[in-house]
Each structure stands twice: as C-alpha cells, then as structure tokens.
Amino acid sequence: MFNDKNIEILGYTANVSSVSETLDNVDSLRDNCCDGTIVQLLNADGIAGLKHIEHGIIQSFNAFNRDENLAKDLGVEILLRTSGQRQISKAFKMLGLHEGKMNICIILINCPDYFIDQLNDMFTRDDNVLSPEIDKLLEIYDISEKELKIMDITSILIDRSSKLVVDQ
C-alpha cells in the first residue's frame, strides 16, 4: 500500500541535451542500488502541485493493488494516472521529458537517501517548479475556460485521473 512506501517528490530544472542519455543515467543510478526502487521523471510543467502528483501516485498504487493497472511498470502507471490518459504515447507527450531547458518532477519510491545527492549532481534542485502554472496546464491538458469556471485546475486534473478508474 501507499503508507508503507518511502516516497519523495522533488522538483528540478535541467537542460536536457539527450532524453535517452538522461534516462540511461537515472536508470544506472537505480540499477546500482537495490530491487523495488522506482525513479520516475515527469515534465513538471504538467503538474498542478503536490496534491495532483500525490493523487496520481495513490491511484497507481490502488490500480496495482486491485489488479487494474494499465501499465506493467509502476512508474509508467504513475505517468498515465497523473496525466489522466489511457494511452502511453499521449501521456508521454504531455508529461514526458524533452530536449532543452525544462522543469522536472522526480518521484522516488523506496530509494535510499543518497539518490537525492546524486540527482542534485545531475540536475538543479528547485521545488518551485512543482507549483502550478495555469497557462501551461491549460495548454498541455486542453482545458477550456468553461471547465475552469466550474473547478480549479488541480481539481480538474484530479477528476480526469479519477475517471480512469470509472471508465475501466
């Protein structure tokens, strides 16, 4: 379950010259550690604050516990649930890494403390990137002004994530 996991949600800025090289570096960090660790990187511009990402993580754990997961990998499930998408390609388009300067949300599950030091060597720590930027979120998630008048942006995205459970 969610409560017995060691979960960290961190914000960073980075200049990504190669997505595959960046992911390889993070994978090698994880692979040199221990079993059961999850390191998931997301485009922080698509995150509507901690409540949004925490909801995606909880929904992912719940999906695995109910055997209703959409992906085989918990990290990818978090990407899907947080983006509110069923298709991995759409979720990666919304929350995946891209080359160039970007804001990154890193989710660590069951990782030792030294991971943060090593991530700090790779990227520039800045938890402010986890604060929602409404204009970017409206564009990424194609949210209408009509929707925004009914609910705040975080609630809209949490609602979309929750609908994945109902729509199964």
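Exposed means over 50% relative accessible area, and buried means under 20%. The model used in these exercises is predicted.

**Exercise 1. Find the two sides of helix α6.**
Task: Decide which residues of α6 are buried, and which exposed residues sit on the face turned away from them.

Solution: 
- Step 1. Locate the helix. α6 covers residues 134-141.
- Step 2. Pick out the buried residues. They are Leu 137, Leu 138 and Tyr 141.
- Step 3. Look down the axis of α6. The buried residues fall within an arc of 100°, so they line one face of the helix.
- Step 4. Turn to the face directed away from that buried side. Asp 135 and Glu 139 are found there, and both are exposed.
- Step 5. Check what follows α6. The next residue is Asp 142, with a positive phi near 50°.

**Exercise 2. Describe strand β2.**
Task: Work out how many residues of β2 are buried, and which strand it is bridged to.

Solution: 
- Step 1. Count. Six of the six residues of β2 are buried.
- Step 2. Sort them by side. Ile 38, Gln 40 and Leu 42 lie on one side. Val 39, Leu 41 and Asn 43 lie on the other. Both faces are covered.
- Step 3. Find the partner strand. Six bridges join β2 to β3 (residues 100-109), and the two strands run antiparallel.
- Step 4. Take one bridge as an example. Leu 42 has Cys 105 of β3 as its partner.

**Exercise 3. Characterise the largest pocket.**
Task: Give the volume of the largest pocket, then describe its lining.

Solution: 
- Step 1. State the volume: about 330 Å³.
- Step 2. Count the lining residues. There are 17.
- Step 3. Go to the centre. Leu 23, Asp 27, Val 39, Gln 40 and Leu 41 lie nearest to it.
- Step 4. Trace the elements. α1 (19-31), β2 (38-43), α3 (74-83) and α4 (88-95) each supply at least two lining residues.
- Step 5. Find the main contributor. α1 gives the most, with five residues.
- Step 6. Sort the lining by class. It has 10 nonpolar, four polar and three charged residues.

Definitions and conventions
Residues are numbered from 1 along each chain as its sequence is written. This is a predicted model: local features need pLDDT of at least 70, side-chain atom pairs count only at pLDDT 80 or more; totals for chains, interfaces and linings use all residues. Side-chain values use heavy atoms; hydrogens and water are left out. On a 1 Å grid over the protein atoms alone, a cavity is a set of points where a 1.4 Å probe fits but cannot get out, and a pocket is an open set with protein on both sides within 12 Å along at least five of seven lines; lining residues have an atom within 4 Å of a point. Grid points are joined across faces, edges and corners, and a volume is the space filled by probe spheres set on the points. Helices (H or I, at least four residues) and strands (E, at least two) are DSSP runs, numbered from the N terminus. Ala, Val, Leu, Ile, Met, Phe, Trp, Tyr, Cys and Pro count as nonpolar, Asp, Glu, Lys and Arg as charged, and the others, Gly among them, as polar. Buried means under 20% relative accessible area, exposed over 50%, partly exposed in between (1.4 Å probe, protein chains only). The arc is that of the directions from the helix axis to the C-beta atoms. Two strands pair if DSSP finds at least two bridges between them.
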